[in-house]
Amino acid sequence: MMQEKISLKDVSKAYDTRSTEVLALDRINLSVADGEFVALVGPSGCGKSTLLYIVGGFLDAEGEVLVNGAPIDGPGVDRGVVFQEYALFPWMTVRKNIAYGPRQRGMTDADCNNLAARLIKLIGLDGFADRYPRELSGGMKQRVAIARMLAGDPEVFLLDEPLGALDAQTREIMQDELLRIWLNNKKTVIMVTHDVVEAVFLASRICVMSARPGRIVKEFRVQLDRGRSREEIMLSDEFNRIRNDVWLAVREQALLMPKQ
Amino acid sequence: MTTARRNVRDRLGWVVDGILPIAILVAAWQLFASIGAINEAMLPSPYGIGLALFDLATGPEIRENLLVTLYRAFGGAALGCACGVAVGIAMARSEAFDAVVSPLVSATYSLPKTAIVPLLILWVGIGHTMAVLAVFLTCLLPTVVQTYHGVTATPNVIVWSARSLGASRREVLWHILLPHALPDILTGIRVALGFSFVVAISAEMIASTAGVGRLIFMYGENGSYAYMFAAITSVVIVAFAADRLLLLLSSRLLSWHVSQRGGHS
């Protein structure tokens with residue numbers, strides 16, 4: 001058994017609305033091992049992003065969230081995050097966005113610039129170091145957001161539909177990059193996605209969440225040989241078998257959602 | 001044609017576009033005055049105003065009074081904007097503070113601050129303090145409102161990103177909330193700066209021993225309308241220059257912002 005990185009014990013979250021209290025998450029228990037890539041999938045409104053924000057320390061919740069066995073106290077540099085809406089700092093250039101984390105850790109200017117230059121090369125944005133976010137396309141912004149998280153050198157990656165706003169082609173390219181980064185770094189990843197194919201392609205474990213109140217209703221282990229090409233993986237019988245099972249599980253939950 | 005040359009032409013074109021309507025108005029005004037359609041005792045001609053302006057510009061009177069007014073307008077504006085930003089941030093950051101201050105802001109926002117000049121005279125007398133205080137109160141509210149808006153409109157995900165990259169709560173204020181609010185704060189300062197001249201001069205007209213407001217009022221009382229218009233023109237020139245300087249500063253500070261995507265404001 002690998003070492004436990006993140007542990008959620010009876011995590012519940014209720015939102016106050018004007019008239020009533022809505023239960024968004026209902027006693028979530030989840031244990032993520034070091035180096036695991038967990039995908040959270042489920043019908044929209046099931047609270048999967050809320051769960052990610054709780055692990056990030058951005059939202060308070062009932063129950064316990066442990067990272068490396070210790071309860072979390074708000075956000076921390078051990079947990080890096082990428083949001084669907086990029087959340088870049090608009091007043092900072094690409095270089096300064098990426099260098100923000102290292103600079104906060106007290107790294108020297110020279111080292112910050114070296115690290116930023118290396119990451120800019122990694123994400124294929126050479127020549128864009130001094131551009132502002134508004135001058136970049138959606139795909140480029142998302143790559144900068146990922147590079148900014150990597151520069152923070154976190155132990156855990158929290159990804160909230162990081163590729164949700166991208167077109168199909170850019171999305172596949174970014175999935176390949178994410179997969180490569182995960183395989184090379186052996187970091188722990190929790191990713192929220194509504195794309196079942198993406199979840200099966202990237203994750204080592206998939207948790208299917210129920211309609212509100214969110215609970216984890218099914219888990220799938222994904223053991224694919226990631227050394228193969230995307231075509232080989234996606235056309236294999238085992239890939240499609242898991243994809244079908246996960247899709248069916250999500251579909252069942254979506255049908256249980258009240259009609260809006 | 002090179003880009004640089006085209007830019008120069010664009011700029012010159014803009015200056016011509018901006019000045020042309022004013023030039024036509026002044027020319028028509030002069031024409032009607034010259035043919036005697038306007039009684040110069042009621043409305044002086046542009047030529048007469050020009051002569052008066054030249055006369056004023058060579059003497060100490062306008063310079064000294066203009067300096068007094070500038071001191072009051074800029075002093076009050078600087079204090080008002082600084083406090084406005086601080087109060088706006090405090091309101092955005094503390095619900096308790098917001099609950100106390102927000103009703104006060106709403107209640108006094110649309111009050112013309114010149115209306116309380118008599119009260120200010122009663123409290124602090126006639127002079128710099130009264131005028132600066134009136135300008136201060138005028139500049140306070142637009143910056144409070146704009147700062148509050150800019151800070152509260154900061155998306156959570158940007159704040160959360162900074163926190164997860166190691167920013168403390170205090171650093172979030174300096175690194176995230178203030179830069180995000182900067183475009184709004186500068187809008188507030190621009191409004192405040194415009195008001196600052198109006199209020200400084202109005203306060204001087206109501207009661208003062210120095211300043212352009214008093215000068216304009218005095219010329220008007222004496223029937224020296226050419227000199228009155230010349231004094232008004234000098235204020236317009238200074239206020240226009242101050243506004244342009246602020247716009248230039250804003251575009252420097254906000255080169256990252258979407259509002260700067262080409263063109264000029």
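1. Conventions. Residues are numbered from 1 along each chain as its sequence is written, and chains are lettered from A, with ligands numbered from 1, in the order in which they are written. The model is predicted, with local features requiring pLDDT of at least 70 and side-chain atom pairs pLDDT 80 or more, while totals for chains, interfaces and linings use all residues.

2. Domains of chain A. Domain 1 (1-78 + 156-260) and domain 2 (83-153) make up the division of chain A, the bounds coming from an automatic or database domain assignment. Their centres, taken over C-alpha atoms, are separated by 25 Å. Eleven residues of domain 1 are in contact with eight residues of domain 2; contact requires C-beta atoms, placed from the backbone, to lie within 7 Å. On the domain 1 side, β7 (156-160) and α5 (168-185) of chain A are the elements giving two or more residues. Helices (H or I, at least four residues) and strands (E, at least two) are DSSP runs, numbered from the N terminus. That side of domain 1 divides into seven nonpolar, two polar and two charged residues. Here Ala, Val, Leu, Ile, Met, Phe, Trp, Tyr, Cys and Pro count as nonpolar, Asp, Glu, Lys and Arg as charged, and the others, Gly among them, as polar.

3. Helix α3 of chain A. This helix (residues 109-122) has 14 residues and reaches 20 Å from its first C-alpha to its last, close to the expected 20 Å, which is 1.5 Å times one less than its number of residues. Cys112(A), Leu115(A), Ala116(A), Leu119(A) and Ile120(A) are its buried residues. They lie on the same side of α3(A), because they cover an arc of only 135 degrees around the axis, judged by the directions from the helix axis to the C-beta atoms. Ala110(A) and Lys121(A), on the other side, are exposed. A residue is buried with 20 or more other C-beta atoms within 10 Å of its own, exposed with 12 or fewer, and partly exposed in between, C-beta atoms being placed from the backbone. The cover over the buried residues includes α2 and α4 (138-151) of chain A. Gly124(A), with a positive phi near 70 degrees, follows the helix.

4. Arg212(A). This residue lies in the loop between β9 (205-209) and β10 (216-221) of chain A. Arg212(A) counts as partly exposed because it has 19 C-beta neighbours inside 10 Å. Beyond neighbours within four places in sequence, Arg212(A) is in contact with Ala24(A), Gly45(A), Cys46(A) and Gly47(A).

5. Chain contact. Chain A gives 20 residues and chain B 13 residues.

Note on methods:
Two residues are in contact if their C-beta atoms, placed from the backbone, lie within 7 Å.
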